[in-house]
Amino acid sequence: MARWRGTLRRAVSPGVLAVLLAAAACGRGGSAREVVRFWGLGREGEVVKELLPAFRERYPGIHVEVQQIPWTAAHEKLLTAFVGGSLPDVAQIGNTWLPEFHTLGALEDLGPRVAQSSVIAAGRYFPGIWDTNLVDGVLCGVPWYVDTRVLFYRTDLLAAAGVAAPPRTWAEWHDDLRRLKARAGPGRWAILLPTDEWAQPVILGLQKRATLLTADGGDAAFRSTAFREAATFYVDLFREGLAPAVANTQIANLYQQFAAGDFAMYITGPWNLGEFRRRLPASLQGAWATAPLPAAEDDGNGVPGVSLAGGSSLALFRASKRGDAAWKLIEFLSEPAQQVRFYALAGDLPARRDAWNDPLLSGDPAARAFEEQLGHLAATPRIPEWEQIAQKIAEHLEPAIRGVVTVDAALGTLDKDVSLLLTKRRWVLAREAAHAR
Amino acid sequence: MRVEARRGTPAETRAALFFLAPGLFVIVVFFLLPIAASFFLSVTDFDLYALADPSNARVTGLANYRALLSDPVFLTALKNTLVFVLLGSPLTVGVALSAALLVNARLARAKGFFRTTFFAPVVTTLVAVAVVFRYVYHPRFGLLNRGLTLIGLPAVDWLGDPRFALLAIVLLAIWKNFGFSTILFVAGLQGIPESFYEAARLDGAGWWQQFRRITLPLLAPTMLLVGLTRTIDYFQLFAEPYVMTGGGPLNATLTMALLMYKEGFRFWNMGRGAAIAFVLFGVILVATLIQFRLQKGGEA
């Protein structure tokens with residue numbers, strides 16, 4: 001049975017199909033064209049098609065077949081494709097997924113290719129984002145674009161509350177928030193921190209240099225002093241009434257509420273640059289700005305504070321037989337000119353530092369805050385279970401925000417829950433250690 | 001007349017096996033083997049690490065099942081599924097029976113037209129339906145909220161508010177599925193001889209008495225069939241919440257089938273996913289047996 005299935009799978013394997021297709025193409029066109037299959041996710045998968053004509057001109061022998069996959073289904077699709085042996089040659093992968101596919105042994109180590117590349121080199125990227133692509137010392141992908149969070153704020157409301165500049169430290173921030181709240185009055189708030197998002201408490205924890213997990217990623221470490229301080233600061237913002245205890249689902253229209261002054265600050269990502277320009281009324285377009293996140297304390301080199309090193313990478317799959325052609329595509333998409341075009345088309349921030357010299361980016365004050373922030377990124381734990389753990393952080397902190405349990409109690413249950421989730425990982429780590437001995 | 005059990009000649013046995021073989025083969029390969037394999041999966045911790053290296057899988061006995069019972073997310077899914085069944089199943093039967101009575105009424109015109117109309121949602125692709133219903137449920141521009149505000153009620157964020165999302169999905173599921181039950185009921189109604197009603201009318205029975213004394217009792221087998229199939233369908237509800245809400249907000253529309261899919265294919269915790277499948281199977285089995293008992297009891 002298993003053998004039949006194996007034969008069947010081999011018979012219809014995409015590799016064979018591609019060869020047949022290529023053969024058919026040869027028969028028709030007469031020229032040997034190599035087909036590279038690329039999976040792009042969501043909007044990026046759509047926009048990347050507009051970059052490809054230039055690639056086709058440079059490499060007429062390579063035909064790129066783009067398949068667009070919605071973000072909501074991407075993770076399942078990639079995993080099932082791995083199991084079914086139908087992965088493409090190259091794909092866009094969320095950088096927090098890299099550890100998972102590395103564990104599966106699905107990704108090619110790109111280190112040797114980068115060492116020979118004239119386009120891609122570690123030094124040309126923001127170190128924080130490059131770092132997320134290194135799992136156990138193996139380069140699993142090349143950063144394509146960065147997704148980090150900064151502070152969006154209303155300049156007019158800050159000025160009215162007597163705040164001259166965006167905050168640089170938590171102490172300044174807390175003070176500013178109190179002033180904003182005092183001026184806003186009841187029913188309005190200083191800052192919006194949706195309670196179902198894990199990003200904000202995690203960022204605060206990273207700013208306090210909390211490791212979140214133990215060094216080998218085998219157990220939870222949310223009861224560490226650093227994370228407890230961060231969680232307390234976060235929860236107190238709600239308890240003091242500076243932030244409303246609402247989840248994203250309860251916010252009917254973020255942009256209307258920001259325009260109405262329901263909150264003066266909001267921590268969010270680059271996708272909202274375009275949205276704020278489109279959706280806020282014209283009268284408010286001069287009244288909002290962005291700033292890098294404040295640091296936990298001013299220790300001389302800690303300003304601004306770190307933010308998340310999110311984003312997507314381009315990765316090659318080990319099973320691919322067209323790695324060389326696919327690598328050409330990765331190099332092409334990594335060129336500064338293409339990175340800038342990609343930003344213009346999709347609003348995704350370039351992961352390369354040299355792309356930021358382009359006037360399109362350097363001339364945009366709202367984007368500049370992101371550039372500064374990109375120099376201060378911190379990676380979340382690089383283990384396959386991270387996505388599930390992140391969800392738990394928001395879930396467990398919510399009762400503390402609502403005052404149902406204390407911060408310590410919430411962190412206790414969070415620790416227990418995450419530790420349970422990592423049971424298998426601990427066993428695998430112990431097993432690997434035993435084998436190594 | 002009794003048929004004596006008799007051993008066939010060897011040739012007859014061979015012939016019987018030969019003719020049965022294709023059917024048995026299909027049942028064993030596509031039905032029994034996968035069930036046995038899933039059950040085996042459910043007593044292991046087969047997951048991402050096992051996918052990377054099969055020796056990372058361990059037989060863990062009932063650990064998956066025990067873990068499920070103490071998992072708040074699973075208990076939420078179980079509760080949601082039961083609410084879906086208790087709300088959706090009787091409502092679908094009620095709506096379908098009403099529609100069938102209307103279509104079958106002697107005074108009704110254009111019966112074929114209505115039959116087709118009621119059946120249309122069943123054959124429409126769910127994804128297309130979902131797109132339309134997202135507009136209907138839209139908090140600001142939706143048809144439903146427009147109606148609510150017209151009669152002076154506050155607008156509701158149907159899919160975004162954890163209190164209403166489940167109801168919104170139930171309404172969609174009823175609308176999508178009642179047509180099939182309607183057809184079954186119409187067939188059942190047409191099987192009741194008209195002479196029974198004539199006799200009842202001569203005896204002075206009103207509409208309600210005819211319905212209670214003739215229609216309902218004679219419709220009982222259809223009722224059992226529709227009730228059972230609907231209940232099983234609602235227990236396995238997956239596509240509606242998957243395309244409309246993804247199980248959100250705050251797991252308010254997470255069903256057991258959806259959780260099984262998420263555990264199995266999003267996080268690749270195959271052992272856990274398989275355990276959920278068997279718990280769901282057990283729950284459906286018990287619910288079906290209870291329903292059998294109740295309806296049998298009602299008949300007696």
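User: In this predicted model, which residues does A:Trp356 touch, once residues up to four places away in sequence are not counted?

Analyst: A:Trp356 touches A:Pro350, A:Leu361, A:Ser362 and A:Glu371 when those sequence neighbours are set aside. The residue itself lies in the chain A loop between β13 (349–350) and α16 (359–362).

User: Does A:Trp356 count as buried or exposed?

Analyst: A residue is buried if 20 or more other C-beta atoms lie within 10 Å of its own, and A:Trp356 counts as buried because it has 21 such neighbours. As a reference for distance, A:Glu108 is 248 residues from A:Trp356 in sequence, and their C-alpha atoms are 29 Å apart in space.

User: How do I read a helix, and which residues of α19(A) are buried?

Analyst: An α-helix has 3.6 residues a turn, so residues three or four places apart point the same way. Helix α19 of chain A, residues 407–421, has 15 residues and reaches 21 Å from its first C-alpha to its last, close to the 21 Å expected at 1.5 Å a residue. Its buried residues are A:Ala410, A:Leu411, A:Leu414, A:Asp417 and A:Val418. They lie on the same side of α19(A), because they cover an arc of only 130° around the axis. These buried residues pack against α11 (225–239) and α18 (386–401) of chain A.

User: Which residues have the most contacts inside the largest nonpolar core?

Analyst: In soluble globular proteins, nonpolar side chains tend to be buried together. Here the largest nonpolar core has 176 residues, and A:Val90, A:Ala190 and A:Ile191 are those with the most contacts inside it. Leaving aside neighbours within four places in sequence, A:Val90 is in contact with A:Val36, A:Phe38, A:Leu314, A:Ala315, A:Leu316, A:Ala326, A:Leu329 and A:Ile330.

User: Which strands are joined to β3(A), and in what direction do they run?

Analyst: In a regular strand the side chains alternate between the two faces of the sheet. Strand β3 of chain A, residues 90–94, is mostly covered, with four of its five residues buried. Two bridges join β3(A) to β1(A), residues 34–41, in a parallel arrangement, and A:Trp39 stands opposite A:Ala91 of β3(A). Five bridges join β3(A) to β12(A), residues 310–316, and these two strands run antiparallel; A:Val90 has A:Leu316 as its bridge partner in β12(A).

User: What is the strand order in the open sheet of four strands, and which strands stand at the edges?

Analyst: The order in chain A is β8-β9-β7-β10, with mixed pairing. At the edges stand β8 (191–192) and β10 (288–291), each with a single partner strand, so one side of each is left without a neighbour in the sheet. Within this sheet, β7 (residues 150–154) and β9 (residues 265–268) of chain A run antiparallel and are joined by four bridges, with A:Tyr266 of β9(A) as the bridge partner of A:Phe152.

User: How many residues of each chain are in contact across the two chains, and which helix supplies the largest share on the side of chain A?

Analyst: 16 residues of chain A are in contact with 17 residues of chain B. On the side of chain A, α4 (71–84), α5 (98–103) and α20 (423–436) each supply at least two residues, and the largest share, six residues, comes from α4(A). By class, that side of chain A has six nonpolar, seven polar and three charged residues.

Terms used. Residues numbered from 1 in each chain as written. Chains lettered and ligands numbered in written order. Predicted model: local features only at pLDDT ≥ 70, side-chain atom pairs only at ≥ 80, totals over all residues. Expected span 1.5 Å × (residues − 1). Buried ≥ 20, exposed ≤ 12 C-beta atoms within 10 Å, placed from the backbone. Arc of directions from axis to C-beta. Contact = placed C-beta atoms within 7 Å. Core = buried A, V, L, I, M, F, W, Y, C linked by C-beta atoms within 7 Å. Nonpolar A, V, L, I, M, F, W, Y, C, P; charged D, E, K, R; others polar. Pairing = 2+ DSSP bridges.
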